Amino acid sequence: MGRIFNIEVASGLLVVLLGAGGLFAIGNLDMGVANDMGPGYLPRLVAWALVGTGAVMTALAAFRDHPPFPDLHWRPTLAISAATAAFGLMIDRLGMVIAVVAMTVIASLASSISRPRETPILAGLLAAGAVLVFIIGLKLAIPIWPR
């Protein structure tokens, strides 16, 4: 892509996309006026600020010299993405304990220096902590074990 498309341009375009996504998500919420704001007033204002900021970032970065894109490390990217997806898919059906343990084990694959003996201990501690904080402490309606 050369000189114009660099990592800072990509960052600016990402901010523009976030703002555009916000504008799309806001939909037809009533904007109201400054004296009597509707439910869509502030979100629309923030989304347009993101679009404007991203456009300025993109324009400023397009003509500067920047290093090329860094190499993407696939192993941690895939492991962390898979761990997050697994947690989201498991939490309702299998409960907090199994979801946290699975997420921890999958996420441990992200590093080549993770220790197989310590991962189950960490998973158990994280599962116990999640149950204490989210289910017992905050009383969230999340099952602890499979339904």
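Guide: Gladly, and we can start with contact, which means heavy atoms within 4.5 Å. Among contacts in the protein between residues at least 6 apart in sequence, 64% join residues at least 24 apart. This is a predicted model, where local features need pLDDT of at least 70 and side-chain atom pairs count only at pLDDT 80 or more, while totals for chains, interfaces and linings use all residues. Residues are numbered from 1 along each chain as its sequence is written, and side-chain values use heavy atoms, with hydrogens and water left out.

Visitor: How many helices and strands does the protein have, and what makes a run count as one?

Guide: The protein has 4 helices and 0 strands, in the order α-α-α-α along the sequence. Helices (H or I, at least four residues) and strands (E, at least two) are DSSP runs, numbered from the N terminus.

Visitor: How do you know that the span of helix α4 agrees with its number of residues?

Guide: The expected span is 1.5 Å times one less than the number of residues. Helix α4 covers residues 118-137, so its 20 residues should span 28 Å, and its end C-alpha atoms are 27 Å apart, which agrees.

Visitor: Why is T119 called buried?

Guide: Buried means under 20% relative accessible area, exposed over 50%, and partly exposed in between (1.4 Å probe, protein chains only). T119 has 12% relative accessibility, so T119 counts as buried. T119 sits in helix α4, whose buried residues also include A123, A127 and V131. Helix α3 (74-108) is among what covers them.

Visitor: Which residues does T119 touch, leaving out those up to four places away in sequence?

Guide: T119 touches T104, V105 and S108. As for A107, T119 is 12 residues from it in sequence and 9.7 Å away in space, C-alpha to C-alpha.

Visitor: Is T58 buried or exposed, and what is T58 in contact with?

Guide: T58, in helix α2, is at 15% relative accessibility and therefore counts as buried. Beyond its neighbours within four places in sequence, T58 is in contact with V9, G12 and L13.

Visitor: Why is W48 called exposed?

Guide: W48 has a relative accessible area of 52%, so W48 is exposed. W48 also belongs to helix α2, which runs over residues 41-62.

Visitor: What is the phi of K139, and why is K139 called exposed?

Guide: K139 has a phi near 55 degrees, a positive value in a residue other than glycine. Most residues other than glycine have a negative phi. K139 lies in the segment after α4, and at 66% relative accessibility K139 counts as exposed.

Visitor: How does the radius of gyration of the protein compare with that of a compact globule?

Guide: The radius is taken over C-alpha atoms, and the globule rule is 2.2 Å times the number of residues to the power 0.38. For 147 residues a compact globule would be near 15 Å, but the protein has 22 Å. Along the principal axes, the C-alpha atoms fill a box of roughly 50 × 50 × 20 Å. Of the 147 residues, 24% count as buried.
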